[in-house]
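Please look over the sequence and the model shown below before reading on. The report that follows goes through the structure topic by topic.

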Amino acid sequence: MKNEKSIDRIIQVKNMDIGKNIANLRKSLNIKQTDMVARLQTNGVDISIYSYNRIEKGTQNPTVLFLYACCQILNCDMNQIFDFKQPS
């Protein structure tokens, strides 16, 4: 059972590289990692450059708040972050 201090996290699995998708979206907008972290912090996400880097590498799991803020900053939706293909 979760306690009130626990944080909901999205677990990256082998067939879904959330961090790599975020990195590709960020790079496509020419946003540096340090700028991305500053924007996340402005959006209320308590994150360091070290933690952000680990999320992009897939060695740390992102929080739901982190993913939501990334969607706002990168002007995308969760389907792009998770790389879900929209049905045609």
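## Cysteines

The structure holds no disulfides, a disulfide being a pair of cysteine sulfur atoms within 2.5 Å. The sulfur of Cys71 has its closest cysteine sulfur in Cys76, at 4.3 Å, which is too far for a bond. Cys71 is buried, with a relative accessible area of 9%, and Cys76, at 13%, also counts as buried; here buried means under 20% relative accessible area, exposed means over 50%, and partly exposed lies in between, as found with a 1.4 Å probe and protein chains only.

## Basis of the model

This is a predicted model, in which local features need pLDDT of at least 70 and side-chain atom pairs count only at pLDDT 80 or more, while totals for chains, interfaces and linings use all residues. Residues are numbered from 1 along each chain as its sequence is written, and side-chain values use heavy atoms, with hydrogens and water left out.

## The nonpolar core

The largest nonpolar core has 21 residues, and those with the most contacts inside it are Ile22, Leu40, Phe66, Leu74 and Ile81. Such a core is a set of buried Ala, Val, Leu, Ile, Met, Phe, Trp, Tyr and Cys residues joined through side-chain atoms within 4.5 Å. At least two residues of this core come from each of the helices H1 (18-28), H2 (33-42), H3 (49-57), H4 (64-74) and H5 (78-82), and the largest share, seven residues, is supplied by H4. Helices are DSSP runs of H or I with at least four residues, numbered from the N terminus.

Leaving aside residues up to four places away in sequence, Ile81 touches Ile18, Asn21, Ile22, Leu25, Leu67, Cys70, Cys71 and Cys76, where contact means heavy atoms within 4.5 Å.

Because Tyr52 lies in helix H3 and Phe66 in helix H4, the pair ties together parts that are 14 residues apart in sequence. Tyr52 is buried at 0% relative accessibility, and Phe66 is buried at 1%.

## Helix H1 and its neighbours

In H1, the residues Ile18, Gly19, Asn21, Ile22, Ala23, Leu25 and Arg26 are buried, and the buried residues of this helix pack against H2, H3, H4 and H5. H1 and H3 pack at an angle of about 110 degrees with their axes 6 Å apart, the axes being lines fitted to C-alpha atoms over the stretch in contact and the angles running from 0 to 180 degrees between N-to-C directions. The two helices H1 and H3 are therefore roughly perpendicular, a term for angles of 65 to 115 degrees. Gly19, Lys20, Ile22, Ala23 and Arg26 of H1 make this contact with Tyr52, Ile55 and Glu56 of H3.

## Two loop asparagines

Most residues other than glycine have a negative phi. Asn30, found in the loop between H1 and H2, has a positive phi near 55 degrees, and at 72% relative accessibility Asn30 counts as exposed. Asn75 lies in the loop between H4 and H5; its phi is likewise positive, near 50 degrees, and Asn75 is exposed, with a relative accessible area of 70%.

Conventions: Parallel < 35°, antiparallel > 145°, perpendicular 65-115°, else oblique.
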